Amino acid sequence: MAKNKFGGFGGGANMQQLMRQAQKMQEQIAKAQESLEEKTYESSVGGGVVSCKVSGKDEVLEINIKPEAIDPDDAEMLQDLIISAVNEALRLSKQDREKTMGAAVPGGLGGLL
């Protein structure tokens with residue numbers, strides 16, 4: 001049996017199978033991305049005095065600040081709480097994205113997602 005120019009035997013059926021698998025993977029990735037974009041992630045810090053909600057697209061949707069968190073003499077503390085709440089909500093979003101996309105793509109494409 002003659003080898004094809006790619007070093008394999010026959011190859012046509014294998015190439016078609018690879019193409020079908022790639023198409024299926026693309027569909028799974030698209031569904032996973034769509035699902036993630038519809039989610040929201042929420043965090044709160046400082047005993048719940050500052051909370052943040054972000055979308056699956058990593059857009060800040062809401063920041064809530066309870067009045068007791070507002071101290072005119074310590075604006076820096078409030079700034080730190082806001083940053084912490086936003087970063088935690090974004091971390092939750094990223095963690096879910098990595099988990100979801102890793103499940104959609106066998107092997108996670110070597111950490112590319």
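Which residues are buried in helix 2? Let's start there, everyone, and please keep in mind that this is a predicted model.

The buried residues of helix 2 are L78, L81, A85, V86, A89, S93, D96, M101 and A104. What do they pack against? Their partners are helix 1 (12–37), plus strand 1 (40–45), strand 2 (50–55) and strand 3 (60–65).

Helix 2 runs over residues 75–104, and its 30 residues should span 44 Å at 1.5 Å a residue. The C-alpha atoms at its ends are 44 Å apart, so the expectation and the model agree.

Now, the charged pairs. Side chains of opposite charge can pair when their charged atoms come close. There are four salt bridges in this structure, and I'd like to show you three of them, starting with D96 and K39, whose side chains meet at 2.9 Å, N to O. D96 sits in helix 2 while K39 is in the loop between helix 1 and strand 1, so this pair ties together parts 57 residues apart in sequence. D96 has a relative accessible area of 16%, so D96 counts as buried, whereas K39 is partly exposed at 32%.

Next, have a look at E88 and R91, which form a salt bridge with their closest N and O atoms 2.7 Å apart. Both are in helix 2, three residues apart, which means about one helical turn separates them. E88 is partly exposed at 28% relative accessibility, and R91 is partly exposed at 40%.

Finally, K53 and E62 join their side chains in a salt bridge at 3.9 Å, N to O. K53 is partly exposed at 22%, as is E62 at 34%.

Thanks, all!

Definitions and conventions
Residues numbered from 1 in each chain as written. Predicted model: local features only at pLDDT ≥ 70, side-chain atom pairs only at ≥ 80, totals over all residues. Heavy atoms only, no water. Helix = DSSP H or I, 4+ residues; strand = E, 2+ residues; numbered from the N terminus. Expected span 1.5 Å × (residues − 1). Buried < 20%, exposed > 50% of the residue type's maximum accessible area, 1.4 Å probe, protein only. Contact = heavy atoms within 4.5 Å.
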